[in-house]
Amino acid sequence: MAKGDTGVRCFQGLLIMGNVVLGCCGLALMAECIFFVSDQHTLYPLLEATDNDDIFGAAWIGIFTGFCFFCLSVLGIVGVVKSNRTMLLVYIILMMVVFAFEVASSITAAVHRDFLTHNLFLKQMLEKYQNPDPVNNDDKWKSEGITRTWDRLMLQNMCCGVYGPKDWQEYTSVFRKVNKDADFPWPRQCCVMDTLGKSTNVDGCKLGVSGYYHSTGCYETIAGPMNRHAWGVAWYGFAVLCWTTWVLLCTMFYWSRIEY
């Protein structure tokens, strides 16, 4: 392939533009995954307690692959401009490795969206919330994290339980064993609070009088952000992979036509 041919120049331009777009996509992927793992909604303790935080693992891989896509796009541009077979061969090999990692990241994020069910968080809440007798230090750490997270969620989002306040009455829970139903049928964080952080009507909250307690569940507050971020990591990752496939195939073709 003669370097001076007009067709070659045009093909080189397309490869350079493809790598520029790929580099920008890599930076965007890295930024998205960094935002996810920063846990803006402070929900990680709930996933940590399930011993299955693979969605966060997928995001960490996304940070790595996003940065690699950016770096390799620069290498690819230099290799194309110089028509250097060795440089482009390194580019192709490394890009295939990064491609495989991003495939794993996207599949993991997509599959584990179905893991975030009502019953998962309900069982966890009933067993760990305000648990006074953890079996070991790990269980204590998880129970404290779940308690803090649920207290904050119910206060800030004005919700109660997973399905609603009746979760604390219809199911056996650690909270029910520690607190008598006559004292409080559900956590105090389920009560409507005033500006000073005190219940507007304690007795009304205890009796379940409408307007003095939060009757909606917190599931959407928990699963909503997690599902949105997991969807972003998965499907944006797949979109980047589709673009990478064409850039990689075109680079392979160009590499095979470079004269020794």
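The model is predicted. The chain is divided into two parts, domain 1 (7–42 + 53–115 + 223–257) and domain 2 (119–130 + 156–219).

- The C-alpha centres of domain 1 and domain 2 are 45 Å apart.
- Helix 1 runs over residues 6–37, and its 32 residues should span 46 Å at 1.5 Å a residue; the C-alpha atoms at its ends are 47 Å apart, which agrees.
- After helix 1 comes Asp 39, which has a positive phi, near 55 degrees.

**Disulfide Cys 159 to Cys 218**

- The sulfur atoms of Cys 159 and Cys 218 are 2.0 Å apart in this disulfide.
- The link of Cys 159 and Cys 218 is right-handed, with 105 degrees about the S-S bond.
- Distant parts of the chain, 59 residues apart, are linked here: Cys 159 is in the loop between helix 6 (137–156) and helix 7 (167–170), and Cys 218 is in the loop between helix 9 (202–207) and helix 10 (219–257).
- Both Cys 159 and Cys 218 are buried.

**Disulfide Cys 160 to Cys 190**

- Cys 160 is joined to Cys 190 with an S to S distance of 1.9 Å.
- This disulfide of Cys 160 and Cys 190 is right-handed, because the torsion about its S-S bond is about 75 degrees.
- Cys 160 sits in the loop between helix 6 and helix 7, and Cys 190 in the loop between helix 8 (174–178) and helix 9, so the pair ties together parts 30 residues apart in sequence.
- Cys 160 has a relative accessible area of 0% and is therefore buried; Cys 190, at 0% relative accessibility, also counts as buried.

**Disulfide Cys 191 to Cys 205**

- Cys 191 and Cys 205 form a disulfide with their sulfur atoms 2.0 Å apart.
- A torsion of about -85 degrees about the S-S bond makes the disulfide of Cys 191 and Cys 205 left-handed.
- Cys 191 is in the loop between helix 8 and helix 9, while Cys 205 is in helix 9, so the parts tied together are 14 residues apart in sequence.
- Cys 191 and Cys 205 are both buried.

**Cysteines without a disulfide**

- For Cys 10, the closest cysteine sulfur is that of Cys 250, at 14 Å, which is too far for a bond.
- Cys 24 is in no disulfide, and the nearest cysteine sulfur, in Cys 25, is 7.0 Å away.
- The relative accessible area of Cys 24 is 48%, so this residue is partly exposed.

Notes:
Residues are numbered from 1 along each chain as its sequence is written. This is a predicted model: local features need pLDDT of at least 70, side-chain atom pairs count only at pLDDT 80 or more; totals for chains, interfaces and linings use all residues. Side-chain values use heavy atoms; hydrogens and water are left out. Helices (H or I, at least four residues) and strands (E, at least two) are DSSP runs, numbered from the N terminus. The expected span of a helix is 1.5 Å times one less than its number of residues. Domain bounds come from an automatic or database domain assignment. A disulfide is a pair of cysteine sulfur atoms within 2.5 Å. Buried means under 20% relative accessible area, exposed over 50%, partly exposed in between (1.4 Å probe, protein chains only).
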